[in-house]
Amino acid sequence: MNRYTWRTFILEAVMVLVGIVFFLPVYILINLALKKPDDASSPLAPATSLTFQNFSDAWSQANLGQALVTSAFVTVFSVAIIVAISALAAYPLARVTKRWSRWLFFIFMIGLLLPFQLALIPLYTTIRDLGLLGNPVSLVLYYAGLQVPFSVFLYTGFIRAVPLDYEEAASIDGAGPMRSFFSVIFPLVRPITGTVIILNVLHVWNDFLTPLLYLSGSSQQTVPVALFSFVSQYVSQWNLVFAGLVITIAPILIAYFAMQKTIIKGFASGLKG
Amino acid sequence: MHKKSLLALSVAVAAAVSLSACAGGSSSSSGDAKTLTLAATTNEKPALDAVVAKFKEQNPGVDVKYTTSALDQYQTTTRTQLSSGTAPDVVFVWPGEGNPMATQVVAKAGYLEDLSNQSWANSFPSGIKPVTQYNGKTYSAAVTFSGIGAVYNMTAMNQAGLTPPTTWSGLLQFCSQAKAKGKTAFELGAQTNWVTQLIPYSLTPTLVYGPNPSFPEDMSNGKATFANSKWSDAMNKYLQMQNAGCFQANPLGTDYNASLAAVAKGNALSVIQVNSAVAAISQQATQGTQLNLLPVPATDNASDTRMAGAAGSTYGVNAHAKNKDLAIKFMNFLESPDGMNLYAQTNKALPAVPNDSFKVDPALATLQQDQKDGKTDAFMDQNWPNARVQQTLFQVVQDLLAGKTDISSALKQMDSAYTQGS
Amino acid sequence: MSSAQSQSLAVAEAAAPASALPRRAQKFSARRIGAVSWWFVVPALAFYFFVVLWPSIEGGAYAFTNWDGLSATKDFVGLAQFQRILTDPAGVGAVVHTLVIAVAITLVQNLVGLLLALGVHTKIKSRNILRVALFTPAVITPVATGYLWKYLMTPDGAINQILGFFGLTWLQHDWLGDSNIALWSIVATVVWQFAGYSMVIFLAGLQGVPEDVLEASTLDGAGPFRRFWYVVRPELAPAITINLMLSIIGGLKLFDQVWVMTSGGPGTSTDTMSTLIYKNAFQFGDFSYGIAMALVLTVFVAILSSAQYKLLGKQGGSK
């Protein structure tokens with residue numbers, strides 16, 4: 001059923017319309033980033049005299065170049081750890097029906113419920129005692145722990161839905177649980193890994209209060225902290241902030257766009273192969 | 001991902017973590033005598049940029065690392081850092097006690113250095129001195145003096161052929177005249193919660209605190225309450241202004257920024273604001289727009305009219321500062337006429353200690369005169385015992401404007417917040 | 001069986017009930033994997049324990065003191081802070097608002113997210129670009145989308161301009177200034193931002209479904225709804241469970257957007273449990289009271305989310 005029919009065309013038209021409605025606020029954001037601060041025209045009206053001044057101002061005022069490096073460091077390492085430990089943990093949690101497995105899953109799920117205010121101060125003093133304040137490594141450790149419940153939840157749910165046949169076949173070939181996991185399960189759940197990566201990247205990249213707390217006083221700052229360091233109560237330079245936002249969301253969108261194709265392809269071949 | 005690459009990745013992660021742990025460890029423990037750390041709210045950033053540059057110029061080899069963050073985040077992070085012993089050497093504090101980071105709150109908890117021995121400690125005018133002190137000792141240094149009044153767009157006023165009112169009935173008349181010209185008299189950005197308090201703050205000096213200067217003490221002794229004072233008069237006048245059409249159509253849907261933009265464009269003739277609005281409006285308005293900050297009349301006798309004026313930007317020294325000597329040196333610089341004037345000039349405020357070498361912005365001339373004449377009263381929250389009272393004020397004003405409560409129950413809520421303590 | 005055990009069982013059953021696995025497979029999994037692989041969990045558990053679980057327990061203990069969040073001293077006060085919650089007039093409204101927000105977001109966000117996922121999991125030519133466009137709002141930090149929508153929702157802002165352009169002036173409102181509407185305006189903002197997020201999770205679940213199933217011809221005599229119910233829904237079971245759980249928890253804990261857009265106002269019309277916790281803990285210098293509220297919120301979220309989990313296990317969530 002690969003033909004492009006008139007039904008497909010109607011669906012396409014509807015979806016494009018929906019896409020436009022969804023994207024409209026983003027358009028306004030970009031549009032404002034391209035306007036001069038004193039441009040009083042409607043936010044819907046396309047910027048007549050394009051200015052990239054906001055972008056270069058945001059870049060230099062917020063020291064975004066340096067902040068992007070710090071954010072990238074924190075994001076890459078914490079998400080790598082999150083994926084590795086969560087996928088590994090989810091495997092027995094999804095497959096073993098014994099009591100300890102259910103209890104452990106339950107304990108992980110508690111982590112989804114806890115408000116951040118509870119752990120804020122005790123964790124801060126621990127990081128202080130470890131001598132990691134002002135060091136981005138503190139953030140890597142923090143996110144690696146914080147995002148475990150969410151990621152384990154995602155992995156467990158999807159691994160449970162994978163039929164056991166593949167592992168059985170592998171076990172007949174003499175594969176232990178380690179090999180079953182790496183050669184059967186992990187490739188099979190690749191779309192979930194993609195989802196886990198992108199959703200964790202979002203959280204880590206955008207988090208604000210934790211980096212502000214842990215990195216304050218050091219010259220290293222993450223992107224949101226740098227970006228909002230010039231939003232004041234009295235003079236809000238939104239054109240600058242929106243320009244900065246456009247700069248900082250671009251890497252994530254490009255990564256998502258690039259990733260989704262390979263993930264989907266990889267999965268389809270994994271199933272059929 | 002294959003087993004091998006996963007292994008390789010985890011090795012790489014471990015290596016990177018331990019590497020940067022070493023690198024970070026040595027740089028973060030910077031307790032050297034040449035580096036000062038400081039934190040403040042983002043509102044202070046332009047002024048800090050200026051004074052820090054000057055301070056470094058006067059003290060070669062000294063580095064000042066300062067972090068600025070929005071008000072909410074500033075309060076949260078700095079309180080956490082103070083209680084964990086990791087706060088910067090110099091911290092921005094609020095004057096008085098009605099704020100979680102106010103001088104008296106932080107000093108009471110033992111985190112501020114006693115600065116009573118500094119030469120400037122006794123030089124503050126009587127309106128400022130008490131809010132820098134706790135138990136008779138000076139714990140913070142006020143750098144600027146700020147005021148609340150109506151910021152008029154004089155250019156638009158002249159075009160409309162109107163002049164700023166000097167009496168209460170004149171004010172109501174001004175509202176209807178502005179309306180007849182298709183203009184808003186007073187743009188009100190009541191969606192931004194702290195803006196809601198500015199009208200009571202500009203009316204109560206004339207109605208409550210001027211006639212009875214000991215009102216704050218009476219309240220703390222339990223002899224006076226909001227509900228049984230002229231505060232009800234002030235709230236009543238707030239609603240009278242709303243009914244007289246002084247405000248635009250949707251004050252609760254308008255935020256601080258939008259309210260300033262309306263005045264900058266001349267759609268509104270005035271906004272009741274803090275002096276910093278003068279700078280913010282002139283940034284957006286066409287060049288040459290004349291602005292003027294004037295007191296808001298509350299009675300029909302023009303000479304009664306007083307203004308809310310109080311200590312503005314204020315700093316304290318962390319009692320556990322790594323670099324206390326340098327911190328005190330910086331404070332002394334801030335309190336020198338040079339430092340104070342530079343700070344006030346950049347932040348469009350007045351210096352906390354009036355001096356002749358300060359070149360006042362014409363828009364702030366009236367505030368300066370009132371400060372000299374003693375016709376100002378401190379911002380009310382600086383004398384409130386906890387931060388709940390102010391937050392309750394924000395909430396009840398929004399409810400009053402929406403017609404969801406009445407004045408007497410609004411003021412009773414404030415009274416109960418006042419006595420609740422913490 | 002204790003109630004806690006049955007609860008954890010319900011949790012385990014929901015995502016994939018044991019009955020879904022053939023008996024043979026259960027034996028296989030228990031013997032082959034269970035015996036050897038418990039240590040797979042250790043690294044994740046270690047990180048989780050030191051970063052989340054233990055600090056939260058330590059922090060939760062503050063609820064039984066009178067600490068202001070700053071002083072060096074604090075006293076043990078037992079359950080006094082919890083008793084205060086019962087008499088706090090601000091509490092009731094906040095609980096109601098929190099529930100309304102959570103239920104509305106859970107329903108609308110997932111419905112929209114599902115329709116979007118089904119729409120782009122087809123042969124349409126624009127599917128790749130649409131996936132990115134629809135996901136873009138989720139990439140922007142919630143603080144910024146809050147500011148953006150606050151700006152769009154001003155009385156003479158873009159939304160009212162667009163409504164005016166189409167002659168829909170009767171639909172124009174003071175979106176955030178009217179206390180009867182403000183809560184729904186916040187819900188709309190959150191749905192706009194996170195519908196794409198739900199979509200991404202649904203898409204991961206849809207990868208087992210060929211792209212043209214939904215708009216396949218009617219040769220087999222089944223309408224699109226029946227096809228969805230029998231072909232697509234079973235594949236989506238884990239995604240549905242995950243999405244519903246994440247959105248109800250996210251809705252109950254919602255803070256950033258509310259804080260940026262209204263700070264709980266006008267008046268108290270959009271105060272939620274999270275804004276109250278924040279105000280008490282960090283603005284009123286009443287840290288322990290805020291923490292006591294946070295503990296109550298935790299219990300609240302636990303009850304509601306496990307009830308939902310149970311419900312999903314019994315009804316459509318399974319294969």
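Between helix 2 (53-61) and helix 3 (64-95) of chain A there is a loop, and A:Asn63 sits in it. Helices here are DSSP runs of H or I with at least four residues, and strands are runs of E with at least two, numbered from the N terminus. This is a predicted model, where local features need pLDDT of at least 70, side-chain atom pairs count only at pLDDT 80 or more, and totals for chains, interfaces and linings use all residues. Residues are numbered from 1 along each chain as its sequence is written, and chains are lettered from A and ligands numbered from 1 in the order in which they are written.

A:Asn63 is not a glycine, yet its phi is positive, about 50 degrees. Most residues other than glycine have a negative phi, and most peptide bonds are trans. A:Asn63 counts as partly exposed because it has 14 C-beta neighbours inside 10 Å. The cut-offs, with C-beta atoms placed from the backbone, are 20 or more others within 10 Å for buried, 12 or fewer for exposed, and partly exposed in between.

Now chain C. C:Ser263, also not a glycine, has a positive phi of about 50 degrees. C:Ser263 is in the loop between helix 11 and helix 12 of chain C, and with 22 C-beta neighbours inside 10 Å it counts as buried. C:Pro266 lies in the loop between helix 11 (256-261) and helix 12. The peptide bond from C:Gly265 to C:Pro266 is cis, with omega about -5 degrees.

Last, the interface: 24 residues of chain C contact 28 of chain B, contact being C-beta atoms, placed from the backbone, within 7 Å. Helix 12 (residues 273-283) gives the largest share of the chain C side, three residues.

Key: Contact = placed C-beta atoms within 7 Å.
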